[in-house]
Amino acid sequence: METDWLKKKNITVPSVHTYQSVNGLASKPSPEGSSDEEMIDLSVTGNKMRTDNIENSHLNSNFHMGDTDDLPLGNQHYDDFHTIDWIRDIARDRMRHRYILKKKHESIFNLVKGAHDAWSGWLCVFLVGVAAGTVAGIIDIGAGWMADLREGICPQAFWLNREQCCWSSNSTLFDGFLCPQWFLWPEVFSLGRTGAWAYIVQYYFYIVWSMFFASLCVMLVRTFAPYAVGSGIPEIKTILSGFIIRGYLGKWTLLIKSIGVMLAVSAGLSLGKEGPLVHVACCIGNIISYLFPKYGKNEAKKREILSAAAAAGVSVAFGAPIGGVLFSLEEVSYYFPLKTLWRSFFCALVAAFVLRSINPFGNDHLVLFYVEFTTPWIFFELVPFILLGVLGGIVGTIFIKANIHMCRYRKHSKLGKYPITEVLAVTFITAIISFPNQYTRMNTSELIKHLFSQCGLADVSDLCDYRRNYTSFKLPKGMPEAGSGVISSVWQLILALIVKIVITVFTFGIKVPAGLFIPSLAIGAIIGRVMGIGMEQLAFHYPDLWIFNGQCGDSCITPGIYAMVGAAAALGGVTRMTVSLVVIMFELTGEVKYIVPLMAAAMASKWVGDALGREGIYDAHITLNGYPFLDSKEEFTHTTLAADVMQPRSEPLAVVTQDSMTVEETENLLRETDHNGFPVVVSQESQYLVGFILRKDLMLAITNSKKSNDGICSSSKVLFTDTVPTPWSGPPPLKLKKLLDLAPITITDETPMETVIDMFRKLGLRQVLVTHNGRLLGIITKKDVLRHVKQLSNEDPESVLFN
């Protein structure tokens, strides 16, 4: 005979089933009552459903919509530094979508609500594109103005940079990059532009402004947003793979990263703003996604917006919308369905359009170093182009190994305890070394523009000091011979190359916003320009060589093309990008005919780089930081089985039985372990698997039951079955069947680890349960998989720090 409490219809536990509630076991319980992650608990009275202000972590696709008149969105809260459950989040969104489709025919309001849900994704990426383009324009203008402050000022309008100041000049001849309206700092103090004192004053102000910008940058980052350091791309890759880093894409990180990258670039450090722009765009995407609950309350769906934001970041960084989409697909995104591809394209397009409207550089282009070449390349030039690719792969690998060694030393030594001192020291040394050499003194983007450019008749820079044979009043005839200025520039470029490589090794990793695209492009452009000058002089002195095939009558070699190919090769060697790299460089030049040289150099660079070291710079930093990132591009070639990896190997697995444990015993299990979920088995003896229960659900159910008046106490049984055994004696049980995930992802102990790793990659799993003939044997988490892969690669498995 049932007791009175069995006749009650009111149940105080969530009345929805979980769907694939497979969570990592190494997480800590999240605090209750999180104000910004509040969820909804359901209580059933007869056939009517009511909501209480209690947290609930999920919805289940097995829930029948016909049982209710209303459906809450629900919200999934994940702990910091843990991995999301892609399957459950996507299932929750599908359930929400089915519910909206069902309801939209019932009223005009629901019809409008359904239409809003359909186009909210496009609206979200549109807003992200507009905001990303606007912020990028502000950063470009601010960085250009502050960088020029190190050299001088425009007295007529101090808010103008050097180029804008010179637009109003009526002079036809400039002294290099200078004009009468632009005052160098010695001129401000009436010392003139030349002379020993003028040089000393210019040197002094160059160092002072650099130190001021760097100190302000590191103090802002240190005080307000520690996550604003570095390029952010390794962390963005990890976040897009399903990892949670609270605050990394927050509003303070956005603000300080935007200001900090302007200050860091203006300080003359060997870094760029293009990498941090990807982080800035993703911060914008994260913030705007919260305006749309469809994305803000679902971590898996939010990553679709973040992928589009990453594409917009590259679009505004290089003026390359298509390259930005391919970069997001090839380099950073983990889950990239077709609809995300189109939205990323739209977002990159909008961002590029907004930046073009702002026109931050005043040249009607989206980047400072936009170039156009007119001279075609000849077939033999593929040889030096491929050689540039080989050199790019070698230089890139050397840089990666040196930088990782330096970062590891910084991480484990006393140097890491003094980040402000380190930044100021690197800035001071950089300024001291850079000023004497004109190619290290100038802004890196200007250096790239200078190296990419063709030498025209009006160019007066040393790099264009050729002895031309003028046979008419306009055009020179024949190949030009290098003058003393070109020879001097080559030696200065070689010294600048050494300085750039060494300084960038120490700079990338200090506690300021720091991108690596521009320094890599500059290093490669220097190598390419030097090689291009060498090939040009070879064609001048030996125009009849068979390698030139009689095509060098007037001009056949353009050193600027070599600089462009070298830049692509070096960037490919550092990042191991291929397709997106070629498209970005193609969009920079606007010339289809140079795609083949770029492809040849990019492939040679990647092949050489992969032969010397399998990781690019971003993957190497992911490994260094211990992030749980399973690279989908790597193949698993070993023959191990799931039984070789599963945990635990010796001690019993922490489980919950379906009908024999009391509330007190369950609470003791929760106190003694920090797992994020527990397998539910028939009994401790049989170990037949029934399902999986989340730690958070279990804790909330016990807490809520004690607050109710249903008679639940410490000696009450916790049941995961549909029926209560009768006759029943004792306090009423706590029924939690509706919280149980009855279909967790399971494998057998004989499953090859190659299959298991593919499941983790393609399904976005946090863990799988290992069984043998239906009996539970163990569990494999993402952390276990990563440690196993590292162990087989002869690396330290303990380097995987997070779950």
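1. In this predicted model, how are H13 and H22 oriented relative to each other? The axes of helix H13 (residues 382–412) and helix H22 (residues 617–625) cross at roughly 25°. Angles under 35 degrees count as roughly parallel, and H13 and H22 are therefore roughly parallel to each other.

2. Two packed helices are described by the angle between their axes and the distance between the axes. For the distance, the axes of H13 and H22 come within 10 Å. The crossing in which H13 passes H22 is right-handed.

3. Which residues form the contact between H13 and H22? From H13 come Phe399, Ile400, Asn403, Ile404, Cys407, Arg408 and Lys411, and they meet Ile617, Ala620, His621, Leu624 and Asn625 of H22.

4. Three strands make up an open sheet in the order S12-S13-S14, and their pairing is mixed. Strand S12 (746–748) and strand S14 (775–781) are the edge strands, each of which pairs on one side only. On average, neighbouring strands of this sheet are turned by 35° against each other, with direction ignored.

5. In which sense do S13 and S14 pair? Strand S13 (residues 767–772) pairs with S14 in the antiparallel sense, and the pairing extends over 6 bridges. To locate this pairing in the view, the reader may look for Val770, which stands opposite Gly778 in S14.

How values were computed. Residues numbered from 1 in each chain as written. Predicted model: local features only at pLDDT ≥ 70, side-chain atom pairs only at ≥ 80, totals over all residues. Heavy atoms only, no water. Axes fitted to C-alpha atoms, helices over the stretch in contact; angles between N-to-C directions. Helix = DSSP H or I, 4+ residues; strand = E, 2+ residues; numbered from the N terminus. Parallel < 35°, antiparallel > 145°, perpendicular 65-115°, else oblique. Left-handed = near helix turned anticlockwise from the far one by under 90°. Contact = heavy atoms within 4.5 Å. Pairing = 2+ DSSP bridges.
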